[in-house]
Amino acid sequence: MLFANSNIDTQDEFEKRLSEAKKLAAADGVDIESIPYDHDDWLRQVAAGYESEPEKGERCRRCFRYNLAKTAQYAAAHGFDMFTTSLTVSPHKISEMVFAASDDPRFLKENFKKHDGFKRSLMRSAELGLYRQSYCGCEFSRR
């Protein structure tokens with residue numbers, strides 16, 4: 001499991017979400033790694049000039065591209081044949097927009113909303129007592 005979320009607005013929120021991801025990884029018996037948090041880079045590379053974009057707009061497209069590119073780089077460096085993202089489990093994310101954010105042939109375009117994926121994620125979170133955030137992560141998604 002890889003945690004790549006420099007889009008998260010504060011170091012504290014990043015650490016809180018990473019801690020919860022570690023709980024999930026431990027419960028599932030899988031290893032977890034994290035790409036170092038660099039929100040300043042994310043602001044420069046993704047949000048600069050797009051601060052006023054609405055949710056599901058161009059800033060979100062750029063954010064998906066940014067995080068999936070980081071994930072693709074990690075996958076290549078560590079010999080993974082494929083990678084995917086949990087973003088598509090959310091009813092607030094447009095799966096096709098997420099899929100379009102990566103042209104890497106190793107990216108598995110899986111819509112985790114199917115087969116009650118979101119409902120199952122809620123049940124699993126409750127079962128493990130996981131924190132569920134009320135916003136995507138960036139300061140602009142709080143609006």
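**A colleague's note on the predicted model**

1. Let's start with a loop residue: glutamate 110 sits in the loop between α4 and α5. Helices here are DSSP runs of H or I with at least four residues, strands are runs of E with at least two, and both are numbered from the N terminus. At 33% relative accessibility, glutamate 110 counts as partly exposed; buried means under 20% relative accessible area, exposed over 50%, and partly exposed in between, with a 1.4 Å probe and protein chains only.

2. A word on reading the model: it is predicted, so local features need pLDDT of at least 70 and side-chain atom pairs count only at pLDDT 80 or more, while totals for chains, interfaces and linings use all residues. Residues are numbered from 1 along each chain as its sequence is written, and side-chain values use heavy atoms, with hydrogens and water left out.

3. Which residues does glutamate 110 touch? Not counting residues up to four places away in sequence, they are Thr84, Thr88 and Phe99, where contact means heavy atoms within 4.5 Å. Histidine 39, by comparison, is 71 residues from glutamate 110 in sequence and 27 Å away in space, C-alpha to C-alpha.

4. Leaving aside neighbours within four places in sequence, threonine 88 is in contact with Ser95, Val98, Phe99, Glu110, Asn111, Phe112 and Lys113. Phenylalanine 118 is 30 residues from threonine 88 along the chain, with 9.0 Å between their C-alpha atoms.

5. Now the overall fold. The protein has 5 helices and 2 strands, in the order β-α-β-α-α-α-α along the sequence. Its radius of gyration is 15 Å, close to the 15 Å that the globule rule gives for 143 residues, so the protein is as compact as a globular protein of that length. That radius is taken over C-alpha atoms, and the rule is 2.2 Å times the number of residues to the power 0.38. Along its principal axes the C-alpha trace spans about 40 × 35 × 30 Å. Of contacts between residues at least 6 apart in sequence, 64% join residues at least 24 apart.

6. What of the interior? Buried residues account for 39% of the 143 residues. In soluble globular proteins, nonpolar side chains tend to be buried together. The largest nonpolar core here has 11 residues, including Cys60, Phe64, Leu68, Phe83, Met97 and Phe107; such a core is a set of buried Ala, Val, Leu, Ile, Met, Phe, Trp, Tyr and Cys residues joined through side-chain atoms within 4.5 Å. Two or more of its residues come from each of α3 (58–77) and α4 (95–100), and α3 gives the largest share, 5 residues. Another core, of 7 residues, lies apart from this one and includes Trp42, Ala47, Cys63 and Cys138.

7. Finally, two backbone points to check. Lysine 56, in the loop between α2 (39–47) and α3, has phi near 75°, a positive value in a residue other than glycine. Aspartate 116, in the loop between α4 and α5 (117–128), also is not a glycine and has a positive phi of about 60°. Lysine 56 is partly exposed, with a relative accessible area of 42%; aspartate 116 is partly exposed at 49%.
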